[in-house]
Amino acid sequence: MRFMDEYRDAAAAKALAEALAKTATRPWTIMEVCGGQTHAIVRFGLDKLLPRGLTLVHGPGCPVCVTPIELVDKAVEIAGRPGVIFCSFGDMLRVPGSRGDLQRARADGGDVRAVYSPLDAVHLARAHPEREVVFFAVGFETTAPANAMAVRQARDLGLKNFSILVSHVLVPPAIEAILSSATNRVQGFLAAGHVCAVMGWEEYEPLARKHRVPIVVTGFEPTDFLQGVLLCVRQLEEGRAEVENAYARAVRREDNRPARAMVCEIFEVSPRTWRGIGEIARSGLALREEYAAFDAEKRFGAVRMTASDSAECLSGLVLQGVKRPADCPAFGTRCTPEHPLGATMVSGEGACAAYYRYRERETEGA
Amino acid sequence: MSVRGEVAFESACPMPDLNPPRVLMAHGGGGRMAQRLLDEIFLPAFDNPLLAARLDGAVGELGGARIAFTTDSYVVRPIFFPGGDIGSLAVNGTVNDLAMCGARPAWMSAGFLIEEGFPIADLRRVADSMRRAADAAGVRLVTGDTKVVDAGKGDGLYLATSGVGEVVARAPLGPAEAREGDAILLSGDVGRHGMAIMSAREGFAFETDLQSDCAPLAAPALDLLASGVAVRCLRDLTRGGLATVLVEISEGARREFAIEETAVPVIAPVRAACEMLGLDPWYVANEGRFVAFVPEAEAARALEILRRHEVSRDACRIGAVGAAAAKGRVVARGAIGVRRILDRLSGEQLPRIC
């Protein structure tokens with residue numbers, strides 16, 4: 001299939017792996033901040049092609065993993081109300097809140113539906129004027145334009161029964177938070193290609209300068225990913241700290257104007273709490289005042305953030321790259337994909353879930 | 001490195017549902033949660049040797065004849081989908097389970113659970129489709145039952161079917177018969193049924209002309225058995241897809257299987273739809289595909305036999321049975337040469353966000 005097979009070519013991947021092996025003379029630690037890339041690493045076994053000493057750390061790039069538990073609880077609460085159709089992307093259904101997940105809410109009689117697009121939720125609202133349709137607007141800059149479009153369409157259609165529960169986060173402030181942490185050990189970043197396809201990469205330039213860290217815009221197919229790692233390692237070896245683009249077929253320095261304009265019309269930058277990290281200033285999106293009528297929190301009550309704590313789950317440290325999944329005492333024993341203790345074990349994009357398989361590969365293959 | 005104290009932020013993680021008190025959709029996905037229902041509720045409740053064999057159907061002797069007996073129920077939305085409907089699905093599913101037990105399908109039953117208000121014309125259409133599927137597979141629908149449930153308490157129409165057939169396989173079939181060096185054959189491309197169903201559901205974001213692979217498999221399976229090829233195991237791929245079936249067989253065989261990822265055919269529309277939705281075609285449902293385990297030396301002849309039948313004309317060799325492994329293991333060698341372990345899904349395959 002075009003635009004796929006050529007980026008999964010074994011010979012090209014091997015050549016990139018060899019170039020990497022030649023380039024890396026010292027151990028380096030690189031973080032990707034994208035669940036899709038974490039998934040690709042595991043799916044294609046890309047970590048196995050990297051030189052020894054090169055460590056990949058999976059940052060807070062999985063939207064499911066960083067959504068605060070209080071928002072999941074709010075979603076479950078709204079989904080349980082009579083007359084509500086609660087719509088969500090599929091993988092949010094399994095994320096445990098403090099009183100069960102959305103799957104459980106469905107089993108308890110809630111009308112919970114997995115949709116493929118927020119526009120499907122708008123269609124539902126139009127088709128069921130007697131019901132309240134709520135969409136769980138989760139994600140990074142990638143899902144924001146479509147979610148913004150859904151709100152715009154709902155307004156244009158004059159829908160009074162559509163609202164969104166917003167949990168939108170932004171990548172650059174998370175990178176900033178990780179780099180500013182006292183325990184940071186990340187030396188280079190792979191910026192998520194599809195986030196940059198919407199936003200461009202200008203925002204990353206001050207980060208690279210300020211923290212003297214290379215940031216490489218990277219794609220998702222095996223050769224895309226290896227190319228991104230190679231450019232990043234090359235910068236580290238040469239002592240450079242720039243923003244480079246290894247995903248030129250999808251990303252330019254400038255943003256995607258219409259997409260960004262749509263996001264800016266509907267949303268404004270706001271503080272956000274990240275699961276496992278805490279509140280980060282200006283790290284998310286909230287509905288603008290003009291669109292407050294579509295805010296599920298206004299309709300069903302505001303989410304109250306509580307400082308809950310767990311002694312066992314290390315997912316916060318995993319998300320920050322301080323800990324690797326296998327460092328957690330619960331990993332693979334009390335915490336598995338069937339019974340996740342933390343979000344990073346829930347989503348297929350989560351680092352712990354990804355490493356759960358990797359662990360089996362290591363132990364049984366030994 | 002110390003864990004606590006040095007860290008700026010601490011995580012907050014909830015205790016999960018360790019034992020959900022109600023059945024979730026995930027229990028029906030053919031993955032680990034479904035397995036758990038089997039292991040913890042049904043197998044202990046009905047414990048007996050025929051059930052313990054855990055095949056697609058029960059195989060045993062009754063009045064001097066060796067027979068296979070199988071049952072299944074069908075809930076599919078929409079009821080009519082590209083390439084089939086709930087009726088042809090039910091007949092073919094039952095026929096295929098019997099064929100995978102090495103049996104010639106003979107009789108089947110059908111229970112109809114109908115929701116009040118279901119159109120009679122649709123019911124007639126389903127019955128016609130069942131008759132055509134039964135004729136094509138050489139099976140007769142000899143008994144049945146009808147129940148009507150209140151409007152709103154069913155999804156239009158559910159079917160429950162059982163089937164009986166005479167076992168024609170001369171040697172026992174099943175995962176335990178797989179031996180080191182056996183070839184693993186696949187009867188055609190995977191993922192069509194699941195993606196055809198998805199694309200037919202309302203609200204789906206894109207259109208395709210994808211058809212379900214729903215078809216009877218008795219002819220190629222019985223032909224293979226009659227040919228004298230020493231077939232070790234036959235298994236049709238259903239809701240958990242190719243990957244789940246391979247994992248199940250490897251666990252039963254207690255052996256490692258090596259699969260060549262590039263050898264498994266997936267047609268372009270299925271690949272494209274799966275890529276878009278973040279689904280893995282190896283875990284997507286099929287209704288007209290099976291795997292066959294045969295000795296390597298007879299693999300070429302087996303493929304030639306399978307390819308004579310339209311339904312399995314793209315049959316191919318996808319891997320081999322390896323050494324003993326206590327818990328079984330399936331290793332796929334990927335497009336770029338890296339190996340990965342295939343695992344069961346936990347519950348349903350859920351589309352990813354981005």
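1. Buried part of α1(B). In this predicted model, the buried residues of α1(B) are Arg32(B), Met33(B) and Ala34(B). The helix covers residues 32–46 of chain B.

2. Length and kink of α1(B). At 1.5 Å a residue, the 15 residues of this helix should span 21 Å. The C-alpha atoms at its ends are 20 Å apart, so the two values agree. The helix also carries a kink of about 35°.

3. Helix pair in chain B. Helix α3 (residues 86–100) and helix α6 (residues 218–226) of chain B have axes that come within 9 Å. They cross at roughly 10°. Angles under 35 degrees count as roughly parallel, so α3(B) is roughly parallel to α6(B). On the α3(B) side, the contacts involve Val95(B), Ala99(B) and Met100(B). On the α6(B) side, they involve Ala218(B), Ala221(B) and Leu222(B).

4. Asp150(B). This residue sits in the loop between β6 (140–149) and β7 (157–167) of chain B. Asp150(B) has 9 other C-beta atoms within 10 Å, so it is exposed.

5. Cis peptide in chain B. Most peptide bonds are trans. The bond joining Arg77(B) and Pro78(B) is cis, with omega about 0°. Pro78(B) lies in the loop between β2 (65–74) and β3 (80–81) of chain B.

6. Positive phi in chain A. Most residues other than glycine have a negative phi. Arg212(A) is not a glycine, yet its phi is about 50°. Its place is the loop between α10 (204–211) and β8 (215–218) of chain A. Arg212(A) is exposed, because 11 other C-beta atoms lie within 10 Å. Arg282(A) has a positive phi too, of about 45°. Arg282(A) belongs to strand β11 (residues 278–287) of chain A. With 12 other C-beta atoms within 10 Å, Arg282(A) is exposed; the cut-off for exposed is 12 or fewer.

7. Chain A overall. The secondary structure comes to 16 helices and 11 strands. A compact globule of 366 residues would have a radius of gyration near 21 Å, and chain A has 21 Å, which agrees. Its C-alpha atoms fill a box of roughly 65 × 45 × 45 Å along the principal axes. Of the 366 residues, 58% are buried. Among contacts between residues at least 6 apart in sequence, 76% join residues at least 24 apart.

Note on methods: Residues are numbered from 1 along each chain as its sequence is written. Chains are lettered from A and ligands numbered from 1 in the order in which they are written. This is a predicted model: local features need pLDDT of at least 70, side-chain atom pairs count only at pLDDT 80 or more; totals for chains, interfaces and linings use all residues. Helices (H or I, at least four residues) and strands (E, at least two) are DSSP runs, numbered from the N terminus. The expected span of a helix is 1.5 Å times one less than its number of residues. The bend at a residue is the angle between axes fitted to the seven residues ending there and the seven starting there. A residue is buried if 20 or more other C-beta atoms lie within 10 Å of its own, exposed if 12 or fewer, and partly exposed in between; C-beta atoms are placed from the backbone. The radius of gyration is taken over C-alpha atoms; the globule rule is 2.2 Å times the number of residues to the power 0.38. Two residues are in contact if their C-beta atoms, placed from the backbone, lie within 7 Å. Axes are lines fitted to C-alpha atoms, for helices over the stretch in contact, and angles run from 0 to 180 degrees between N-to-C directions. Angles under 35 degrees count as roughly parallel, over 145 as roughly antiparallel, 65 to 115 as roughly perpendicular and the rest as oblique.
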